[in-house]
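This briefing is for a reader who is new to the structure shown below. Please look over the sequence and the model before reading on.

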Amino acid sequence: MAAAETGTGAPDGGPVLGRLSDFPDGAAAPAGYRRADGREVAVLVVRRGAGLRAYLDLCPHRYLPLTWRGRRVLSADGQRLRCSNHGAEFAVADGRGVSGPGGACGLTPVPLRVDPDGTVRVDNGGGPGPVPG
């Protein structure tokens, strides 16, 4: 995973994950960024039309990336993210566990925003607002 750099030049801008066109409609796409302390953060971005949802690419049950064994983690109906390690499923709408061994756990949401030029960022607050999902 290539991590986007922090320090985007915008006074209130969060780390850049990519452009809106980098996240295909109806897909879960991996992205990432580097925190100020140098740590890389892996994120999964799910796009439905103009709406985006993002979660840490980390199964809360096994502490491995959901994408550890493959990038195809979105269900055919686009409603669930499935851990490629052990099959736990999580609702795209809110990250809650819906089936499998991680059913009592939930994914960690990552707030996003899209700048007027189509740049997708982690929303650190102070921007134009979150992206409806």
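Predicted model: local features only at pLDDT ≥ 70, side-chain atom pairs only at ≥ 80, totals over all residues.

- Three strands make up an open sheet in the order 1-9-8, and their pairing is antiparallel.
- Strand 1 (16-19) and strand 8 (112-114) are the edge strands; each has a single partner strand, so one side of each has no neighbour in the sheet.
- On average, neighbouring strands of this sheet are turned by 20° against each other, with direction ignored.
- Between strand 1 and strand 9 (residues 119-122), the antiparallel pairing runs over 3 bridges.
- In general, the strands of a sheet pair through backbone hydrogen bonds, in either a parallel or an antiparallel way.

**The nonpolar cores**

- The largest nonpolar core has 14 residues, and those touching the most other members are Leu-17, Phe-23, Val-43, Val-45 and Leu-112.
- Two or more residues of this core come from each of strand 2 (27-34), strand 3 (40-48), strand 4 (51-56) and strand 9.
- Another core, of 13 residues, lies apart from it; Cys-59, Leu-81, Ala-88 and Leu-107 are among its residues.
- Nonpolar side chains tend to be buried together in soluble globular proteins.
- Leaving out residues up to four places away in sequence, Phe-23 touches Leu-17, Gly-18, Ala-29, Ala-31, Val-45, Arg-47 and Val-120.

**Gly-87**

- Gly-87 sits in the loop between strand 5 (80-82) and strand 6 (89-91).
- Is Gly-87 buried or exposed? Its relative accessible area is 15%, which is under the 20% limit, so Gly-87 counts as buried.
- Beyond its neighbours within four places in sequence, Gly-87 is in contact with Arg-82 and Ser-99.
- Pro-101 is 14 residues from Gly-87 along the chain, and the C-alpha atoms of the two are 7.7 Å apart.

**Arg-113**

- The side chains of Arg-113 and Asp-115 are joined by a polar contact of 3.2 Å.

How values were computed
Residues numbered from 1 in each chain as written. Heavy atoms only, no water. Pairing = 2+ DSSP bridges. Helix = DSSP H or I, 4+ residues; strand = E, 2+ residues; numbered from the N terminus. Axes fitted to C-alpha atoms, helices over the stretch in contact; angles between N-to-C directions. Buried < 20%, exposed > 50% of the residue type's maximum accessible area, 1.4 Å probe, protein only. Contact = heavy atoms within 4.5 Å. Core = buried A, V, L, I, M, F, W, Y, C linked by side-chain atoms within 4.5 Å. Polar contact = N/O pair within 3.5 Å; in protein donor to acceptor, adjacent residues only side chain to side chain.
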